[in-house]
Amino acid sequence: MFHRAPSVFPATAAQHASPQSAAATTDGPPPGRHKEVIGFLAIGALSYAVDAGLLWLLIRYGQVDLRIAATVGFWTSVLANFTLNRWLFHRNAAGGLSRHTMRYATLLCVSYLVTLAGLSAAERVGMNILVAKTLLTAVISVWNFVLYRAWVFR
């Protein structure tokens, strides 16, 4: 028999009330989480546009080195992403701003290093930088979504 992976969405008290409702926790997000997923994707799309847009503009028109352009784009989009995610979805979460900021910074340092390594590798093999950036963003977004809920804003 196949077993479902545990949901990244925590069960609500009502879902723990009966065995039938407990099974519902692996069937998808609890009611109201669809808005959070859609919001996360919208904020992510905006952050990607800032990141990739600055990367492209700085390389194309500013003649800026790839690593510097990637750094400017990445950290500018980080500021927008954190501010919007915390304000829209996690402003009342336990832990406060300083705890959230430290955890978010830790997660983003890892994401930043993966981004630089991936873009440098893409440049070495002649891959289109925006294609590489898009692929890296997709992978990083998955682990960010899970870790925002499970660790950063908890």
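In the predicted model described here, F40 is buried, with a relative accessible area of 11%, where buried means under 20% relative accessible area, exposed over 50% and partly exposed in between, computed with a 1.4 Å probe and protein chains only. Residues are numbered from 1 along each chain as its sequence is written, and side-chain values use heavy atoms, with hydrogens and water left out. As the model is predicted, local features need pLDDT of at least 70 and side-chain atom pairs count only at pLDDT 80 or more, whereas totals for chains, interfaces and linings use all residues.

The protein chain contains 5 helices and 0 strands, and its pattern along the sequence reads α-α-α-α-α; helices (H or I, at least four residues) and strands (E, at least two) are DSSP runs, numbered from the N terminus. Of the 154 residues in the protein chain, 32% are buried. Among the contacts with a separation of 6 or more, 64% are between residues 24 or more positions apart, a contact being a case of heavy atoms within 4.5 Å. The protein chain exposes about 9300 Å², of which carbon and sulfur atoms supply 70%; accessible areas come from the Shrake-Rupley method with a 1.4 Å probe, and for residues only the protein chains shown count as cover.

A pair of aromatic rings is described by the distance of the centres and the angle of the planes. Here, rings of Phe, Tyr and Trp (its six-membered ring) pair if their centres lie within 6.5 Å, and planes under 30 degrees apart count as stacked, over 60 as edge-to-face and the rest as tilted. By this rule the model holds 8 aromatic pairs. In one of them, the ring centres of F40 and Y148 are 5.6 Å apart and the planes meet at 80°, so this pair is edge-to-face. The pair joins distant parts of the chain, since F40 belongs to helix α2 (residues 33-60) and Y148 to helix α5 (residues 129-152), 108 residues apart. Y148 is itself buried, at a relative accessible area of 3%. Y148 also pairs with Y104 in a tilted arrangement, with 5.8 Å from centre to centre and 40° between the planes. This second pair likewise links distant parts of the chain, with Y104 in helix α4 and Y148 in helix α5, 44 residues apart. Y104 is buried as well, with a relative accessible area of 4%. Ring pairs connect F40, F82, Y104, F145 and Y148 into a cluster.

A straight helix of 24 residues would span 34 Å at 1.5 Å a residue, but the end C-alpha atoms of α5 are only 29 Å apart; the expected span is 1.5 Å times one less than the number of residues. A kink of about 30° is centred on V146 in α5, the bend at a residue being the angle between axes fitted to the seven residues ending there and the seven starting there. The buried residues of α5 include I129, L136, I140, F145 and Y148.

In helix α4, by contrast, the 30 residues should span 44 Å at 1.5 Å a residue, and the end C-alpha atoms are 43 Å apart, which agrees. The buried residues of α4 include H100, R103, Y104, L107 and S120. R103, found in helix α4 (residues 96-125), has a relative accessible area of 19% and is therefore buried. Apart from neighbours within four places in sequence, R103 is in contact with W151, V152 and R154. S120, also placed in helix α4, is buried at a relative accessible area of 14%, and S120 touches L66 and R67 when residues up to four places away in sequence are not counted. After α4 comes G126, which has a positive phi near 80°.

L57, in helix α2, counts as partly exposed at 41% relative accessibility, and the C-alpha atoms of L57 and A69, which lie 12 residues apart along the chain, are separated by 8.5 Å. Q63 lies in the loop between α2 and α3 (66-90) and is exposed, with a relative accessible area of 65%. The phi of Q63 is near 55°, a positive value in a residue other than glycine.
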